[in-house]
Amino acid sequence: MDPAVSEEHLKKCRWIRVNWAWTKIGNTNLGIFLRFNPVVSILSSFIIWGFVIWCIVESEGASLEMGRWKIWITEKFTWMYIGTQDIWAVIIIMLYFSKFANMKLGRDDEEPEFSDASYFTMLFAAGIGIGLFFFGVAEPIYHYVPGVDGNRYYKRYTDNQQAQDAMNLTFFHWGIHGWIVYVVVGLLLAFVCYRQGLPMTIRSCFYPLIGDKVYGWMGDVIDILSVVGTMFGVCTSLGLGAMQLNTGINRINKDIELSSINQIIIIWCVTACATVSVITGLKLGIRRLSELCFSIGMLLMLVVFFYDDTWYLLNLYVQSTGYYFQWIIQLGFHTDAFAQMGNSQDKREVVTWMNDWTIFYWGWWIAWSPFVGMFIAKISRGRTIKQFINATMTAPILYSFLWLTIFGGAGIRMERRAFHANINCTSALGGKGSTESDNGLFRLSCRTTDEMWFDLMEQYGDIGPVLSIVSLAGIILYFVTSSDSGSLVIDCLSANGDPDPPIIQRIFWALTEGATATALLYAGGTKALTALQTVSIAAGVPYTILLCFMCIALWRAVQIEGGALDPNGPEFSVDLLEVFSSPTLEMIKSTIIAIFFPWFPMGRAAHRLNDCKGSPVPYMLSLAIPFYLWVLGMALEPAVEGISYLAWAVLFAFFAYGSGIRLGIRERYGINGNMVEDFFAVMLLYPFAAYQMDYHMSNPPMHLGENGLEKYGREKGAAYENQGADVPLEKVETAF
């Protein structure tokens with residue numbers, strides 16, 4: 001185990017350990033060795049295989065059902081996906097310019113484990129490498145010529161402006177808003193692990209908020225969501241990548257046809273390579289693979305840059321980068337609010353565009369954030385917060401923009417040249433379904449996503465076939481890198497953050513990835529993969545909420561480490577969710593009462609907060625009236641249409657008053673928090689908030705200092721004793 005991880009924390013984790021040694025050959029022990037969290041491992045495997053079986057048995061039904069889920073998520077949660085990305089970006093910018101930015105992810109005298117060059121290549125390979133091969137040419141073309149459905153830019157302006165908007169949308173989907181999710185998870189995880197001695201697992205991110213409860217069921221749920229989201233994301237990419245590789249191989253050798261069998265063979269070849277890489281470990285396997293496939297990508301990019309219209313590509317890079325930063329605010333907050341209603345008078349709208357593009361991307365990035373965030377955290381030890389943000393938010397993004405400019409720009413140029421050469425979708429050469437180009441040209445807007453990359457490579461003279469072969473090698477290596485990185489991260493998550501889990505576990509998760517993708521391809525082909533892709537997007541919804549709490553945890557963690565916040569200061573006498581972690585009969589009974597009669601414990605707490613002046617009845621009535629009006633309104637909805645909406649509006653009076661009571665308690669006893677936390681605690685968890693307030697006022701702190709505040713609070717654990725740092729930090733102000 002990592003020496004930086006406190007032994008106290010490891011003892012609190014759930015473990016199954018098997019050390020059955022058979023013999024020893026040299027320095028290698030042979031036998032069965034296991035170390036994993038049984039709850040996370042078993043339940044994650046059950047969920048993953050449950051979905052796989054569903055997709056196999058009911059592939060068409062699963063695809064249709066999950067397609068409906070995807071549409072529902074877009075209709076109901078576009079505002080959340082779009083708005084939260086912007087909030088996270090603002091928080092990271094604030095942290096970057098704060099006085100906490102020079103804190104190290106490790107001991108104060110610790111140096112980075114990897115060089116800047118190796119660090120960058122691993123960031124790029126794990127985060128976005130294969131996606132840029134798949135979408136590098138295709139996405140700008142789809143936005144430039146979006147087909148019959150169009151998009152909000154199609155035929156609104158000149159053709160030149162439409163091409164620029166296509167590049168801008170592509171930059172947006174691969175820029176700051178995408179990478180910000182990786183930054184939040186990776187930075188927080190690296191901070192609490194390397195500086196505070198916590199295990200390298202996603203549950204540790206919530207230690208600044210819930211303390212030792214991360215070792216209970218709450219932490220298990222967090223890690224299970226992380227494992228499932230990562231597995232679905234990697235398996236979907238394996239399947240889609242196998243299709244693209246099959247297409248590329250078919251272009252080189254027509255005898256190798258496009259079929260599910262060939263795609264399954266490709267998957268197992270990639271899985272075998274990934275398994276070998278996973279066994280060798282991070283430093284020997286993933287690092288070298290990352291450097292190799294990054295070099296292949298650079299070779300392809302430079303060849304196309306010099307072979308194509310170099311001056312056009314340089315102009316496009318400068319222009320598109322400036323255009324992106326000019327429009328980033330507008331794009332970052334755009335939700336297609338009017339378009340999603342589908343009732344514009346001029347009919348120039350695309351109701352499903354947000355569902356197919358931005359929401360898909362954000363859900364996809366978020367679902368992958370535990371995988372990539374944890375991988376980035378593992379390679380970021382010894383860097384400062386500012387260096388971490390610089391590395392993840394500048395170099396990879398600017399490099400991605402260069403990649404998209406070169407390949408996407410070259411694709412748009414080919415599309416225009418094909419148009420002027422009178423090539424259309426029905427053309428025998430260069431059209432839809434064509435196997436040969438028309439003087440090196442294809443009408444890319446008529447081609448499939450799998451074909452566009454290789455269509456572009458074919459136009460570059462005699463070296464076109466060579467570029468296609470090199471592209472295949474790069475795609476394979478990027479898939480191997482993504483697969484082995486995913487396997488290692490999933491294994492670490494299922495083993496309580498163990499950085500060096502037993503080989504048999506690594507092999508199990510690597511093979512599970514291949515087997516899952518194989519089952520999906522064999523059973524339903526692209527339909528089943530699309531269904532599973534939708535599951536990843538759906539998994540992004542709860543993870544979006546978790547990421548919001550991670551932002552709060554990140555800010556609280558740096559404040560605690562900097563001495564600006566006392567982790568053992570005054571707190572509520574009972575935690576908000578104490579009934580789940582340490583239930584008693586009295587606690588369960590009080591919580592059940594609070595579900596149906598929340599006005600009683602809340603009113604009693606408000607009465608005591610006001611020093612028991614007068615009768616508690618007015619306090620209780622002020623809470624009971626809006627609460628039961630809501631119940632009545634919901635019950636009458638079948639008879640009185642629309643009354644339920646009035647009922648929900650009235651219920652907010654209950655939430656507001658309850659939040660005010662909790663705020664008053666915090667202010668009296670000096671409990672850390674804010675009004676927003678109080679409101680959401682009451683709105684989302686009102687029975688638990690009611691019990692918490694009542695219990696606290698029934699059992700107020702007994703030990704008060706001169707200022708009337710509690711001298712001590714309940715201990716959160718050893719993580720806040722600066723075990724990860726050798727040199728104590730001086731108190732840091734919170735002002736920016």
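How many helices and strands does the protein chain have? The protein chain has 28 helices and 2 strands, where helices (H or I, at least four residues) and strands (E, at least two) are DSSP runs numbered from the N terminus.

## Basis and confidence

This is a predicted model, in which local features need pLDDT of at least 70 and side-chain atom pairs count only at pLDDT 80 or more, while totals for chains, interfaces and linings use all residues. Residues are numbered from 1 along each chain as its sequence is written, and side-chain values use heavy atoms, with hydrogens and water left out.

The average pLDDT (the predictor's confidence in each residue, from 0 to 100) of the protein chain is 84, and 90% of the residues score at least 70. Confidence is lowest in helix α4 (residues 116-127), with a mean of 71, and highest in helix α13 (residues 310-333), at 96. Over residues 703-736, pLDDT stays under 50, and the model has 86 contacts beyond four places in sequence for this segment; contact means heavy atoms within 4.5 Å. Where pLDDT is low, the predicted coordinates should not be read in detail.

## Burial and surface

Of the 736 residues in the protein chain, 57% are buried. Buried means under 20% relative accessible area, exposed over 50%, and partly exposed in between (1.4 Å probe, protein chains only). The protein chain exposes about 30800 Å², of which carbon and sulfur atoms supply 64%; accessible areas come from the Shrake-Rupley method with a 1.4 Å probe, and for residues only the protein chains shown count as cover.

Among contacts in the protein chain with a separation of 6 or more, 78% join residues 24 or more positions apart.

## Nonpolar cores

The largest nonpolar core has 169 residues, and those with the most contacts inside it are I385, F407, W453, L547 and M550. Such a core is a set of buried Ala, Val, Leu, Ile, Met, Phe, Trp, Tyr and Cys residues joined through side-chain atoms within 4.5 Å. Helix α8 (residues 176-194) provides the largest share of this core, 15 residues. Apart from this core lies another, of 31 residues, among them F572, V574, I661 and A689.

For M550, the contacts beyond neighbours within four places in sequence are V184, V185, L188, I202, C205, F206 and Y543.

## Aromatic pairs and charges over rings

Rings of Phe, Tyr and Trp (its six-membered ring) pair if their centres lie within 6.5 Å; planes under 30 degrees apart count as stacked, over 60 as edge-to-face and the rest as tilted. By this rule the count comes to 50 aromatic pairs. One of them joins Y96 and F97 edge-to-face, at 5.0 Å centre to centre and with 80° between the planes. F134 and F135 also form an edge-to-face pair, at 5.0 Å centre to centre and 80° between the planes. F134 and F135 are both buried, whereas F97 is exposed, with a relative accessible area of 60%.

A charge sits over a ring if NZ of Lys or CZ of Arg is within 6 Å of the ring centre and within 35 degrees of the ring normal. K386 lies over the face of Y96, at 5.3 Å from the ring centre, and R17 lies over the face of W15, at 4.3 Å from the ring centre.

## Loop residues

The loop between α13 and α14 (353-356) holds D336, and R348 is placed in the loop between α13 and α14 as well. D336 is buried, at a relative accessible area of 6%, and R348 is partly exposed, at 43%. Beyond neighbours within four places in sequence, D336 is in contact with R152, V350, W353 and M354, and R348 with Y154, K155 and R156. The C-alpha atoms of R348 and R152, 196 residues apart in sequence, are 7.7 Å apart in space.

N102, in the loop between α3 (59-96) and α4, is exposed, with a relative accessible area of 59%.

## Positive phi values

Most residues other than glycine have a negative phi. N439 has a positive phi, near 55°, and lies in the loop between α17 (395-420) and α18 (449-458). N496 also has a positive phi, near 60°, in the loop between α19 (464-494) and α20 (503-524). Is each residue buried or exposed? N439 counts as exposed at 74% relative accessibility, whereas N496 counts as buried at 1%.
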